[in-house]
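Hello,

Here is the structure I promised to pass on to you. Please have a look at it first, and then read my notes below.

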Amino acid sequence: MDFIRLIGRVFINFFEAAGRLGIFTLKAVYSCFTPPFYLKQFFIQFIEIGFYSLPVVALTTTFAGMVIALQTYTGFARVSAEGAVSMVVWIAVTRELAPVMAGLMVAGRIGAAMAAELGTMRVTEQIDALSTLSTNPFKYLISPRIVAGVLMMPVLVLIGDVLGICGGYLIGVYKLDFNATSYLINTWNFMQPMDVISGLVKAAVFGFIIALMGCYNGFNSKGGAQGVGAATTNAVVSSSILILIFNYIITEIFFQT
C-alpha cells in the first residue's frame, strides 16, 4: 500500500503542478492582450532580452557555424562531396543551431535573471505591495517579459543565422581553401525561405518558454534566499528541457517542408 500511495502522490503532484502552470500561462497570455500596458516596462525588457543577449548569441552562433563547416568537410571529403558543405552549413544553422543555441544561451542568462528578480520580489513582499497599490502584477511584471521574449528571440536568431553563415564562410574560404565566389553561389542556390521561417518560429516559441518558466518559477518562489536559488535553478532547467522537447515537435511539423 505504501508503494501505491507513493505512485499516487507522484501523479497528484504532477497534475497539480501542471494545473498551476496552465492557469499561470492563461493569466499571462490574457494580460498580454488587455490594457493597461506599461510601455516603459516593455522597453526595459526589450533592451534586457534583446540587446544585452546579443553578444553571447553572436559568439555562440558564429563558432557553431565554424564547427559545422569543419565537421561536415571532414565527413564529405571521404565521399568526395566537399561542395555540399555550404548547403549543410545553411540548413544546420538556420533550422537548428541558431534557434537552439540562442534559446539555451538566453535561457541560462535571461531565464535565471527573471526567476531571481521575481523571486526576490516575492520573498520581500514587493509583489504583494503591487497588489496593495492596485497594480496587477501580471500586467506590470509578467506580460512585458512574455511579449519581449516572443518578439526579441526571432531578432536574435535572425542575427545568429547571418553570423553563423558568415562563420561557415570564413572557415570554408580561409581554412578549407574553397573558392569564395563558388561558396557564395552554392549557398545562394541552396537557400529556401522555409529554412529561415522554421528557425524563426522556433525562436518565438523558445522565447515564450524562457519568459514563461522564468516568470513562473520566480513568481511562485518561497522560502527566502534558498527558495530564490531553487527557483532560478528550476527556471533554467525546465526552460532548457522544454526547448529541446519543442525543438523536436516543431522540427517534426516542418519536416516535410
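The protein has 9 helices and 0 strands, where helices (H or I, at least four residues) and strands (E, at least two) are DSSP runs numbered from the N terminus. Please keep in mind that this is a predicted model: local features need pLDDT of at least 70 and side-chain atom pairs count only at pLDDT 80 or more, while totals for chains, interfaces and linings use all residues. Residues are numbered from 1 along each chain as its sequence is written, and side-chain values use heavy atoms, with hydrogens and water left out.

Of the 257 residues, 44% count as buried, meaning under 20% relative accessible area with a 1.4 Å probe, protein chains only. The C-alpha atoms fill a box of roughly 65 × 55 × 35 Å along the principal axes.

The contact (heavy atoms within 4.5 Å) includes Phe24 and Val29 of H1 and Phe208 and Tyr216 of H8.

Threonine 232 is also worth a visit: it sits in helix H9 (residues 224–253) and is buried, with a relative accessible area of 19%. Leaving aside neighbours within four places in sequence, threonine 232 is in contact with Ala112, Ala115 and Ala116.

Best wishes

Note on methods: Buried < 20%, exposed > 50% of the residue type's maximum accessible area, 1.4 Å probe, protein only.
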